[in-house]
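I opened a new notebook page for this structure.

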Amino acid sequence: MASAARDLVIERLSVVRSLCDTEEQRLLEQVHGEEERAHQSILTQRAHWAEAIKKLDTLRTSLVGMLTHLDDLQLIHKEQEIFERAEEAEGILDPQESDKLSFNKKCAWSPLLTQLWATSVLGSLSDMEEVHINERTVSPLLHLSEDRKTLTFSAKKSKACSDDPERFDHWPNALAATTFQAGLHAWVVNVQHSCAYKVGVASSQLPRKGAGSDCRLGHNAFSWVFSRYDQEFRFSHNGQHEPLALLRCPAQLGVLLDLQAGELVFYEPASGTVLHIHRASFPRPLFPVFAVADQVISIVH
C-alpha cells in the first residue's frame with residue numbers, strides 16, 4: 001500500500017510538472033512572438049518617419065530657396081506652388097503613439113498559471129509577514145479582538161472609541177497595521193459567518209471621516225475591494241462595480257498582492273478557484289483593508 005501511495009504521488013506530480021512545462025513553453029513562445037511583432041512595428045515606423053523627415057527636408061529646402069532667391073513679383077507668381085508645398089508639408093503629421101508599437105503584456109496572462117501560482121503562494125503563507133488590524137483605524141461600529149485579527153459588527157456605535165484622526169467614524173471599516181511598499185504579499189480571511197463584508201487593499205490617502213463615498217470602500221480611487229452583500233458578490237474600485245458570478249459562498253477568502261506585477265488576486269483556498277484578478281499600477285504604500293456589516297470576519301493567516 002505504501003508503494004502504491006508513493007507511485008500515485010510520483011505519477012500525479014509528474015502530470016503536474018508536464019502541464020507546467022507545456023504551459024511555460026506556450027507562454028514563452030507567446031511572449032517571444034509579441035516581442036518580435038512589437039520590434040517589427042517599431043522598425044516599420046522608424047523607416048516611415050525617416051522617409052517623412054527626408055520629404056520635409058526637401059520641401060523646406062525648396063521653400064527657403066524660393067523665399068531667399070525670388071523677388072516680390074516672382075513670389076507672387078509662385079504663390080500657388082508655395083501654398084501647395086506648405087500644404088504637403090502639413091500633411092506629414094507628427095508621430096502618434098500607437099498600441100501597435102507597445103508590448104502587449106496580456107500575452108503572458110494565463111488562468112492556469114495564475115491558479116497554480118496562487119495555490120503555491122497561499123500554500124506557503126508561513127513565509128509571509130503577519131497581518132494585524134490597526135486598532136486606531138477601527139470604526140466605532142466594530143469590535144476588535146485582543147489578537148487584533150477579528151472584527152465583529154455592532155449596530156450601535158461604541159462610545160469607548162477615542163476620536164482618533166486615523167479612525168473611520170461612519171463606515172464600518174478598518175485598516176491593517178501592516179503596510180506594503182513592494183514585493184509579493186498574501187493573507188487569508190475567514191468570511192463564512194458574514195453576509196456583508198469587504199476585503200481588499202487601500203492606499204494611505206483613503207479619507208477616514210464622514211459618510212461620503214470618498215470614505216466608502218470601493219467607491220473611490222483609493223480602495224480596491226471584493227465584497228459580499230447577501231448572495232451578491234462584486235469587485236469594486238472608484239465607484240465601478242463588477243458583478244462576480246460565484247457558484248457558492250466562500251468560507252475563506254485569499255488575497256494576493258503582487259506590487260511588482262501590478263496584480264491583485266482574490267482566491268478561494270478550499271476549491272483553488274481564482275475569483276477575480278485586477279491589474280493596475282498601484283500607489284504605495286498599500287494597506288489590507290476590511291469592512292463588515294454583518295456578524296464577524298477574521299484574519300486567518
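I note that the model is predicted. I looked up where Leu 13 sits, and it belongs to helix 1, residues 2–69. Is Leu 13 buried, partly exposed or exposed? I read a relative accessible area of 43% for Leu 13, so it counts as partly exposed.

I found an open sheet of six strands in the order 3-12-5-6-7-8, paired antiparallel. Which strands stand at the edges? They are strand 3 (173–175) and strand 8. Each has a single partner strand, so one side of each is left without a neighbour in the sheet.

**Strands 5 and 6**

I then checked one pair inside the order. Strand 5 (residues 196–203) and strand 6 (residues 223–229) run antiparallel, and seven bridges join them. I picked out Gly 200 and found its bridge partner in strand 6, Val 225.

**Strands 7 and 8**

My last stop was the end of the order. How many bridges join strand 7 to strand 8? I count five, between residues 232–237 and residues 240–244, with the strands antiparallel. Ser 236 has His 241 of strand 8 as its bridge partner. The two strands form a hairpin with two residues between them. In the turn, I noted a positive phi of about 55 degrees at Asn 238.

Terms used. Residues are numbered from 1 along each chain as its sequence is written. This is a predicted model: local features need pLDDT of at least 70, side-chain atom pairs count only at pLDDT 80 or more; totals for chains, interfaces and linings use all residues. Side-chain values use heavy atoms; hydrogens and water are left out. Two strands pair if DSSP finds at least two bridges between them. Helices (H or I, at least four residues) and strands (E, at least two) are DSSP runs, numbered from the N terminus. Buried means under 20% relative accessible area, exposed over 50%, partly exposed in between (1.4 Å probe, protein chains only).
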